[in-house]
Amino acid sequence: MKKTSYYVCPACGNLVLAAGSAQISCCGRRLEALTPQKPDEAHRLRVEQVEDEWFLTSEHPMTKEHYLSFVALAAGDRLTLVKTYPEWELQVRLPRRVHGMLLWYCTGHGLFRQPL
Ligand SMILES: [Zn+2]
Ligand SMILES: [Zn+2]
């Protein structure tokens, strides 16, 4: 699942995942695969270990105009995707025995990643 491409429609916010390269369109337009970036200070996720889970939080705004809309953990042949919503504090729990690439998406600034 590390080769998964992520697409987000700028018109409706629809999230589409594809293994490998694909032609994806939504709302009548072609979508480009997002390129994950290294997070800057504003987009960092705080990762804590709580018992047998990773507990992820962020200081990032969660307003309707600007928020983190999902967090995904790609590990081996598995992808765990957690939708996150505006006007809620970002809090995501993932099983701690899983290691892989953590990805998250900001509606204003795109896709970010960090190994977990
Ligand atoms: Zn759309
Ligand atoms: Zn942002």
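## Arg78 and strand β8

Arg78 lies in strand β8, residues 78-83; strands are DSSP runs of E with at least two residues, numbered from the N terminus. Arg78 counts as exposed because it has 10 C-beta neighbours inside 10 Å (exposed: 12 or fewer other C-beta atoms within 10 Å; buried: 20 or more; partly exposed: in between; C-beta atoms are placed from the backbone). From Arg78 to Arg96 the C-alpha to C-alpha distance is 14 Å, and 18 residues separate the two in sequence.

## Basis of the model

This is a predicted model, in which local features need pLDDT of at least 70 and side-chain atom pairs count only at pLDDT 80 or more, while totals for chains, interfaces and linings use all residues. Residues are numbered from 1 along each chain as its sequence is written, and chains are lettered from A and ligands numbered from 1 in the order in which they are written.

## The β5-β6-β9 sheet

Strands β5, β6 and β9 form an open antiparallel sheet in the order β5-β6-β9. Its edge strands, β5 (45-50) and β9 (91-95), each pair on one side only.

Between β6 (residues 53-58) and β9 there are five antiparallel bridges; strands pair if DSSP finds at least two bridges between them. Trp54 has Leu94 in β9 as its bridge partner.

## The whole chain

The protein chain has eleven strands and zero helices. Its C-alpha trace spans about 45 × 35 × 20 Å along the principal axes. Buried residues account for 21% of the 116 residues.

Note on methods: Helix = DSSP H or I, 4+ residues; strand = E, 2+ residues; numbered from the N terminus.
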